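Good morning, and thank you for joining.

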Amino acid sequence: MEDLTSRKVHRDPQQSYRLEYGRENTTHTVLAFSRDHSTCDPNDKEISASTVRVIWAYHEQDVGPSGPMYHGVNRGRKSLRLLNPGSSDASAPPSAAFFDLQNVHVLVPSKDTTYWCQIFRIPEVQTKHHIIRIEPLIQKGHENLVHHILLYQCDSSLNKSDLDMGHECFHPNMPDSFLTCETVVFAWAIGGEGFSYPSHVGLSIGTSIDPVYVLMEVHYDNPALQQGLLDSSGLRLFYTPKLRQYDAGVIETGVWVSLYHMLPPGMQDYVTEGHCTRECLQESLEHERPGGVRVFAVLLHAHLAGRSIRTRHFRDQEELKPLAYDNEFDFNFQEFIHLNEERPLLPSDNLITECKYNTKDRVNMTWGGLSTRDEMCLSYLLYYPRINLARCESLPEINGQLKFIGVKEIQLPVTTWPFVIKSPKRYSNLSFTEAMDKFRWSKKRGKAFNDVVLQLPMNVRCSKWDRDEWSIQGMIVSPPEVPRTSRPSPTPCSSRSKSSSSSSSSSSSSSSSSSSSSSSSSSSSPPSSSATTALTALLSSICLLSSSAQLWPTL
């Protein structure tokens, strides 16, 4: 077995990090450092608004004259958005009341993916109130089991018999009342933390159009097929009678979840586009809010094959900066991205949710669907003031996709799903999903298929809160002609960005000798010159781990 203590720590040839200060007490060592967003160092990654996977490591002993020692097992990683300002309020005011929507000892099935649904009644309030913060209540030890939680508004005419009826969602035997719950009012996903609404916006409860009953959908991801898991996760909602200026709403945009959304195997960068069309925004906004609405946060959502997502924003056919983007999408880290500046959404606008996927390790098609092994391409927009628009999405029509693989005719009438192919003979009596899998895919054919799909006519989805639809729903329209090449970085390497990102790294001290020799100062002033040498050496190794992971093959 290899002796890890003999491992050597390599110093990065280009030192791009600046030590700001260090402090230490009997339990922790804290180092604060800064770095330019773009360093022009090939060993550094540019710091952007995308997810950053921070790698951390430390040794139990202080740095000696010979320099830092190999960390051994004291290491880990965490996904962060270093440039995301986050919520201005980290917690609810002490005076805020709250209520919990929580499952009670749900037996999680021993299968890969389960969507569990239960209807709850919002506490009765005599006057209008605003929900101002929502926090996840994830059962300890189930952080990787609970993948996401969605909250839907249901028909207000339900009764008490519909409550406390937990059941698997999308199941043939699920209660009919579940079908009335279609409007998303909140979304949380794995890796996310609590969410506070801006100080001038709240989620309204207590009026005739507000939620009375809500359905909580919990997605359990159980790839190891564990048995006997009992889960009691949910959400905590803080509310107040002190009303804010605006009511918040949520619009689901992107690709309508369907088998018609399909990804060939073996692809490095397969691109999907979901359109929130100008026609849909124009009809809904001009009817209720001709002056438009303002978007203040976005949740980008995909599954395991997702690699990057961006919500592109167009006005009168001119592209504006994206509403949100993540070029380093992490399936295990999905949370609302607070916008630095609120963005107006006008009747003349349209949006494209663009997702890039990697299916290189897959041998069959990947389908749009609910499982984490299936795929989605969605953007949830939090905005104000609330209008009657729940979904603004699209789906490429199926005929052009079937034509690409040579399908000539399907069996009519359609009596099964997925429907069955009639001709040509090689696909006869196969479902269309089986036919797609039978096709001999290659990188070249996958790229050609991608080009075809991006140009296909699309089915518009434009729905209201109450299972009603705007008149544009179901119409077939052509996708707008837009450039599909990424814009160049606004900060070329030749002129480094003057802005910088600060972070801090802390490590628990497990060595009594290290603790006894440590200073307990909490001052943020720079340390003494002798301490600076040791801290700088340790900082070099931490920065090297963060930016040059290729030097650490065991990570």
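Let me begin with a definition: a residue is called buried under 20% relative accessible area, exposed over 50%, and partly exposed in between. By that definition R373, with a relative accessible area of 31%, is partly exposed. Please bear in mind that this is a predicted model.

I turn to the disulfides. The structure holds five disulfides, and I shall discuss some of them. One joins C117 to C169, with an S to S distance of 1.9 Å. C117 lies in strand β7, whereas C169 lies in the loop between β10 and β11, 52 residues apart. The torsion about the S-S bond is 110°, and the link of C117 and C169 is right-handed. C117 counts as buried because its relative accessibility is 4%; C169 is likewise buried, at 5%.

Another disulfide connects C280 and C462, S to S 2.0 Å. C280 belongs to helix α1 and C462 to strand β31, so this pair ties together parts that are 182 residues apart in sequence. The link of C280 and C462 is right-handed, with 85° about the S-S bond, and both cysteines are buried.

A further disulfide joins C355 to C377, again with S to S 2.0 Å. Here C355 sits in strand β25 and C377 in the loop between β26 and β27, 22 residues apart. With 95° about the S-S bond, the link of C355 and C377 is right-handed. C355 and C377 are both buried.

D112 is in the loop between β6 and β7, and R373 in the loop between β26 and β27, 261 residues apart. D112 is also partly exposed, with a relative accessible area of 25%.

D247 forms a salt bridge with K128, at 3.0 Å between the closest N and O atoms. D247 lies in strand β17 and K128 in the loop between β7 and β8, so the pair ties together parts 119 residues apart in sequence.

Finally, D468 pairs with K464, with closest N and O atoms 4.0 Å apart. D468 is partly exposed at 38%, while K464 is buried at 16%. Salt bridges that share partners join K128, D210, D247 and R386 into one network.

Key
Residues are numbered from 1 along each chain as its sequence is written. This is a predicted model: local features need pLDDT of at least 70, side-chain atom pairs count only at pLDDT 80 or more; totals for chains, interfaces and linings use all residues. Side-chain values use heavy atoms; hydrogens and water are left out. A disulfide is a pair of cysteine sulfur atoms within 2.5 Å. Helices (H or I, at least four residues) and strands (E, at least two) are DSSP runs, numbered from the N terminus. Buried means under 20% relative accessible area, exposed over 50%, partly exposed in between (1.4 Å probe, protein chains only). A salt bridge is a side-chain nitrogen of Lys or Arg within 4 Å of a carboxyl oxygen of Asp or Glu.
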